[in-house]
Amino acid sequence: MEPNPSSSMHSYCLEISPMEVHKVVPPPHRSTLQKLKTRLKETFFPDDPLRQFKGQPLNKQWILAAQYFFPILQWGPNYNLKLFKSDIVSGLTIASLAIPQGISYAKLASLPPIVGLYSSFVPPLVYAVLGSSRDLAVGPVSIASLILGSMIRQEVSPTHDPLLFLQLAFSSTFFAGLFQASLGLLRLGFIIDFLSEATLIGFMAGAAIIVSLQQLKSLLGITHFTTQMGLVPVLSSVFHNTHEWSWQTILMGFCFLVILLVARHISMRKPKLFWVSAGAPLLSVILSTILVFAFKAQHHGISVIGKLQEGLNPPSWNMLHFHGSYLGLVMKTGLVTGIISLTEGIAVGRTFAALKNYQVDGNKEMIAIGLMNIIGSSTSCYVTTGAFSRSAVNHNAGAKTAVSNIIMSVTVMVTLLFLMPLFQYTPNVVLGAIIVTAVVGLIDIPTAYQIWRIDKYDFIVLLCAFFGVIFISVQEGLAIAVGISIFKILLQVTRPKTVILGSIPGTDIYRNLHHYKEAVMVPGFLILSIEAPINFANKTYLKERIMRWVEEYETQKDEKQQSSIHFLILDLSAVSGIDTTGVSLFKDLKKATENRGVELVLVNPVGEVMEKLQRADAANDILKPDTLFLTVGEAVAALSSTMKGQSSSHG
């Protein structure tokens with residue numbers, strides 16, 4: 001922050017050629033109602049959904065409205081056999097993945113395996129009608145399943161009271177859907193933006209490890225396993241129950257885990273071989289079931305799913321809890337699982353939309369996912385969203401429309417009606433291996449490394465989410481990471497960036513002295529740039545920081561024999577907004593600088609700042625024409641002429 005000394009700068013200052021000074025024009029007058037309307041529109045309707053209705057006849061507006069709420073009406077009339085051929089391949093492919101994953105994730109949520117298949121039947125049909133993504137494949141997901149199961153399990157045991165546990169799971173799903181749909185209807189989607197990329201990467205990686213550790217129960221054949229989610233209790237439970245380990249289970253689990261991981265690796269290396277990883281889980285289920293049945297392995301230490309009921313989803317609206325002692329629990333569980341599943345679904349949808357160059361409407365997606373879960377809670381389904389692994393398979397299989405979800409749903413329906421007895425001998429160890437393989441992809445080390453390289457603070461947020469999930473709990477880890485992210489935002493608001501500017505010789509360009517080595521200070525001028533909105537949270541800091549710069553300049557003046565400060569120039573180009581307390585900053589600075597014999601000069605206040613300063617400056621002290629300029633260059637040129645005139649008259 002040291003001003004660059006120099007006698008040469010005196011001559012430079014004198015050499016500043018006069019330039020044309022442009023007048024700073026106040027913004028056009030707008031009423032309070034107009035301003036409020038603009039602000040609300042930019043907050044809640046940034047995509048301006050009503051623009052498509054302008055200038056259209058009434059009957060066309062009705063058609064557009066129907067297409068807006070039901071996107072299937074947009075692409076449905078143009079659907080043809082060519083598109084259907086692509087969708088049926090992708091639909092059957094994701095069904096082969098959805099069936100074993102549905103059973104596995106239901107067990108992860110401590111729910112009956114059949115509920116996972118129910119959740120892969122109704123929600124995809126709802127999404128096909130209401131969703132705006134062509135690639136999103138809908139169904140249960142690992143993280144939401146884990147959170148739902150762990151939160152309800154804190155108060156109700158799935159083994160001692162399975163009916164109540166199931167009722168609370170459906171009720172939580174209803175509240176998750178209600179919350180999601182409300183965000184979409186009220187256009188409050190910006191709330192989920194508080195889950196930054198760093199938070200999500202850390203959270204997903206931590207949750208993936210916890211999910212994988214939970215599968216040690218199945219992979220090792222342990223009967224008595226902890227219900228807690230943290231790393232320490234899980235590992236403690238594993239090593240305290242070594243006598244329950246089953247070598248048959250370990251051998252089978254290891255073999256199928258290797259097969260699934262190799263299949264995943266092949267598909268990642270060669271995306272055209274997507275069907276290898278897509279079909280591997282179902283193939284593993286079939287092979288392991290045949291092995292168990294052939295060798296009667298259920299009598300030799302390998303646990304199996306057992307008999308599953310046949311038939312389509314039974315209604316469950318009579319099982320929803322809207323009162324009683326568990327209402328708080330289901331609302332909290334619904335809120336947390338709703339946010340997580342919504343964030344995952346929208347992130348996945350936007351990722352694949354960007355790859356195929358089409359738009360996904362975030363608010364429509366929230367409504368679609370929300371209604372999907374509300375309807376699902378009444379038809380024996382638990383929380384569902386767009387799953388990354390299934391959507392990637394759907395995309396690679398060449399899905400063209402949401403019909404792939406309908407094909408998947410029909411395939412699951414056939415399974416529910418006719419194929420359920422075949423799963424009776426499916427070993428739990430293979431379901432555990434399928435879950436581990438699915439969640440391995442959630443650990444994104446390259447992106448974590450990229451975050452470390454770009455922003456160390458974001459990397460700390462990532463680590464807090466990661467370790468919070470692993471050592472405390474899934475929901476607390478997420479809360480800690482969000483809290484630290486908000487603290488970062490508060491820091492940026494309360495401690496805005498301010499820099500000292502110098503002139504680049506031979507130009508009228510002014511840049512940060514500590515960034516541009518060739519920039520030099522102009523004698524008699526202290527030029528500062530404020531690079532954030534000014535408000536009640538940072539007014540005191542800004543005043544103290546600016547006055548400290550003035551004092552430092554005056555102190556160094558005596559040491560370096562440079563001229564004393566005559567003008568304090570504040571470049572307000574980057575100040576996008578100001579509040580009442582922020583306005584008082586300029587009044588305080590005006591008084592403080594006058595006492596030191598320094599003139600306060602403002603450069604390029606933007607519309608809102610200019611307007612509020614005008615209203616507060618009744619005496620016209622702050623916005624005097626000779627202390628208000630459009631650019632720093634014009635300000636220095638005009639004021640240098642004034643300084644020369646004053647020095648010559650004194651001479």
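Colleague: How many salt bridges does the structure hold?

Modeller: Good place to start, and please keep in mind that this is a predicted model. Side chains of opposite charge can pair when their charged atoms come close. For a salt bridge, a side-chain nitrogen of Lys or Arg has to lie within 4 Å of a carboxyl oxygen of Asp or Glu. The number of salt bridges in the structure is ten.

Colleague: How many residues apart in sequence are the parts that E551 and R596 tie together?

Modeller: The side chains of E551 and R596 meet in a salt bridge, with N to O at 3.2 Å. E551 sits in helix α23, which covers residues 539-560, while R596 belongs to the loop between α24 (580-595) and β7 (599-603). The pair therefore ties together parts whose separation in sequence is 45 residues.

Colleague: Is E551 buried, partly exposed or exposed?

Modeller: Its relative accessibility is 39%. Buried would need a value under 20% and exposed one over 50%. E551 therefore counts as partly exposed.

Colleague: Where in the structure is K624, the salt-bridge partner of E599?

Modeller: The side chains of E599 and K624 meet in a salt bridge of 3.6 Å, N to O. This pair links distant parts of the chain, 25 residues apart. E599 is in strand β7, and K624 is in the loop between α25 (607-616) and β8 (628-629).

Colleague: E611 forms a salt bridge with R615; which of the two is buried and which is exposed?

Modeller: In this salt bridge, the closest N and O atoms are 3.6 Å apart. The two residues are four residues apart in helix α25, so about one helical turn separates them. With a relative accessible area of 56%, R615 is exposed. At 15% relative accessibility, the buried one is E611.

Colleague: Let's move to G253. Which residues does G253 touch, leaving out those up to four places away in sequence?

Modeller: G253 lies in helix α13, residues 247-269. At 4% relative accessibility, G253 counts as buried. With residues up to four places away in sequence not counted, G253 touches L219, V429 and A433.

Colleague: What distance separates the C-alpha atoms of G253 and I569?

Modeller: Along the chain, G253 and I569 are 316 residues apart. The separation of their C-alpha atoms is 71 Å.

How values were computed: Residues are numbered from 1 along each chain as its sequence is written. This is a predicted model: local features need pLDDT of at least 70, side-chain atom pairs count only at pLDDT 80 or more; totals for chains, interfaces and linings use all residues. Side-chain values use heavy atoms; hydrogens and water are left out. Buried means under 20% relative accessible area, exposed over 50%, partly exposed in between (1.4 Å probe, protein chains only). Contact means heavy atoms within 4.5 Å.
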